[in-house]
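Work through the exercises below with the model open. Each task is followed by a solution in steps.

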Amino acid sequence: MSDLSYAEVSARLQARWPEQKIDPTLERVQRLVELLGDPQKSYPVVHLTGTNGKTSTARMIDQLLQEAGLRTGRFTSPHLESVRERITLNGEPISEERFVETYAELEPYLDVVDSEQEHPLSFFEVMTGMAFAAFADAPVDVAVIEVGLGGTWDSTNVADGTVSVITPVAVDHAHILGADPVTIARDKAGIIKQSGTAVVSQQSLDVLEVLMARAAQVGAPMIREGIEFGVVSRSVAVGGQLISLKGIGGEYDDIYLPLHGEYQAHNAATAVAAVEALFGASEEAEGRVTTELLQAGFAEVTSPGRLEVVRTSPTILVDAAHNPHGAQATVAAVSEAFAFQPLIGVLGCMKDKDVYGLLEAYEPIMETVICTRNSFVERSMPAEELGELAAEIFGEERVLVRPHLIDAIDDAIRLAEEGAIAMGSGGVLVTGSVITAGEARTLLVRKPKEADPLPGYSQDGDGE
């Protein structure tokens with residue numbers, strides 16, 4: 001039993017080299033897991049990368065594996081409200097007690113690595129080591145691991161995925177990963193390993209060629225959306241959608257997915273293919289995946305902060321989209337699933353993102369946009385600056401500036417209610433950043449005093 005408190009551990013983690021400082025090397029984390037006895041090798045790993053959809057797909061894979069009777073560990077980033085969300089056991093965040101114990105067990109080894117290296121272990125590297133160790137101690141039957149940033153040099157890439165999943169690749173983190181999808185794909189392709197199978201979501205042809213070249217280089221079989229698996233049909237249903245999927249082992253019909261948007265149907269297809277690949281399903285041999293398994297598993301799937309309804313009257317949606325590709329998917333999903341008149345947007349963005357592209361994506365569906373700022377002041381764009389950009393696209397008469405998120409949400413609710421009197425049913429969409437989405441959830445779903453001791457300290461990875 002450790003003498004450390006959860007708050008003390010959180011403070012020590014926060015004091016480490018911040019995640020937004022990227023050093024492309026695996027040396028530190030490789031040394032850490034070596035000292036720990038390579039815990040990441042004690043269970044099969046489903047490893048995910050991509051630009052958008054990773055966390056939702058990881059949650060789906062996790063849920064399906066649990067439904068199949070397996071004990072799972074899941075490592076994702078960033079977190080919405082609590083850092084413990086990043087490390088889950090059977091779908092539940094690691095307990096505060098186990099979080100502290102895991103850190104205390106690793107701390108002597110952290111000191112060793114810090115003393116040997118030019119730079120100390122970063123926050124994300126330590127979290128990666130903690131996740132691998134916690135999963136080995138549980139023990140889990142399989143771990144679902146999402147990269148933090150990119151692929152080749154990501155800390156999680158010390159694990160060799162039995163299945164490597166690449167969700168759609170687009171431009172994000174251009175200053176780190178590259179300015180075009182092909183360059184980014186080359187980095188993400190690094191998670192495809194000789195001993196594994198690659199499951200690839202729908203990609204542009206040039207990106208697919210990069211991924212196929214990597215798979216051929218290491219001799220990894222590749223399963224591609226649109227060829228070996230995919231979405232057969234989908235229709236809007238109350239609270240989600242009804243989908244039919246083609247998998248490696250056959251077709252699965254009439255599956256209710258309690259999530260909105262075409263992109264979530266494609267995430268579901270990718271999740272099914274990943275589970276089939278893990279179980280060894282093929283056209284010649286019936287796998288462990290059945291329609292009944294998928295119906296039961298997907299019925300329990302949640303994706304917090306991904307077009308999530310957090311309140312009604314008026315309806316308030318929280319969404320973590322933070323790049324134009326993600327925003328376009330959100331716009332399509334909102335237009336399909338809701339009939340808001342009017343829709344009021346609340347936007348809080350990071351200044352290193354394509355903010356102009358985000359605003360352009362949202363302009364057609366938002367009657368008014370309220371520009372605000374989340375608590376991560378080191379990276380977030382000031383509300384006034386965001387408002388100036390928004391005015392160029394929306395026009396000044398459709399833009400309000402409220403520096404504090406709670407004021408922005410209050411005004412959005414008021415405008416949605418006032419507009420609904422004349423126009424119908426009003427709604428509010430809070431979006432622009434994972435951190436903005438997480439802080440909105442804290443305000444709207446539970447009391448702020450219950451929030452994590454690491455407010456605003458979010459992984460600077462593909463998720464943000």
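Predicted model: local features only at pLDDT ≥ 70, side-chain atom pairs only at ≥ 80, totals over all residues.

**Exercise 1. Helix pair**

Task: Determine in which sense H2 passes H4, left-handed or right-handed, and which residues of H2 and H4 meet.

Solution. 
Step 1. H2 passes H4 in a right-handed crossing. A crossing is right-handed if the near helix is turned clockwise from the far one by less than a right angle, and left-handed if anticlockwise. Helices (H or I, at least four residues) and strands (E, at least two) are DSSP runs numbered from the N terminus.

Step 2. Helix H2 covers residues 27–35 and helix H4 residues 96–116; their axes come within 10 Å and cross at roughly 140°. Axes are lines fitted to C-alpha atoms, for helices over the stretch in contact, and angles run from 0 to 180 degrees between N-to-C directions.

Step 3. From H2, Arg28, Arg31, Leu32 and Leu35 meet Tyr109, Leu110, Val112, Val113 and Glu116 of H4. Contact means heavy atoms within 4.5 Å. Sorted by class, this contact of H2 with H4 has six nonpolar, no polar and three charged residues. Ala, Val, Leu, Ile, Met, Phe, Trp, Tyr, Cys and Pro count as nonpolar, Asp, Glu, Lys and Arg as charged, and the others, Gly among them, as polar.

Residues are numbered from 1 along each chain as its sequence is written, and side-chain values use heavy atoms, with hydrogens and water left out.

**Exercise 2. Sheet of eight strands**

Task: Give the strand order of the open sheet formed by eight strands, and state which strands stand at its edges.

Solution. 
Step 1. The order is E4-E3-E2-E5-E1-E6-E7-E8, and the pairing is mixed. Two strands pair if DSSP finds at least two bridges between them.

Step 2. Strand E4 (92–93) and strand E8 (222–224) are at the edges; each has a single partner strand, so one side of each is left without a neighbour in the sheet.

Step 3. Strand E7 (residues 197–200) and E8 run parallel and are joined by three bridges. Ala198 has Met222 in E8 as its bridge partner.

Step 4. Helix H8 (residues 205–218) packs on this sheet and touches strand E6 (163–166), E7 and E8; the direction of H8 makes about 160° with that of E8.

**Exercise 3. Sheet of three strands**

Task: Describe the open sheet of three strands and find which helix lies across E9, E10 and E11.

Solution. 
Step 1. The order is E9-E10-E11, with antiparallel pairing. Strand E9 (230–237) and strand E11 (250–257) are the edge strands, each pairing on one side only. On average, neighbouring strands of this sheet are turned by 15° against each other, direction ignored.

Step 2. Strand E10 (residues 240–247) runs antiparallel to E11, with six bridges between them. Gly247 is placed opposite Gly250 in E11.

Step 3. Helix H9 (residues 262–279) lies across E9, E10 and E11 and runs at about 40° to E10. Helix H10 (residues 291–299) also packs on the sheet, where H10 touches E10 and E11; its direction makes about 25° with that of E11.

**Exercise 4. Hairpin and backbone angles**

Task: Locate the residues with a positive phi at Leu307 and in the hairpin of E12 and E13, then inspect the peptide bonds at Pro314 and Pro78.

Solution. 
Step 1. Leu307, in the loop between H10 and E12, has a positive phi of about 45° although it is not a glycine.

Step 2. E12 and E13 pair in the antiparallel sense over three bridges, and Glu308 stands opposite Val318 in E13. The hairpin has three residues between its strands, and Ser313 takes a positive phi near 60° there.

Step 3. The peptide bond from Ser313 to Pro314 is cis, with omega near -5°. Another cis peptide bond joins Ser77 and Pro78, with omega about -5°; Pro78 lies in the loop between strand E2 (72–75) and strand E3 (87–89).
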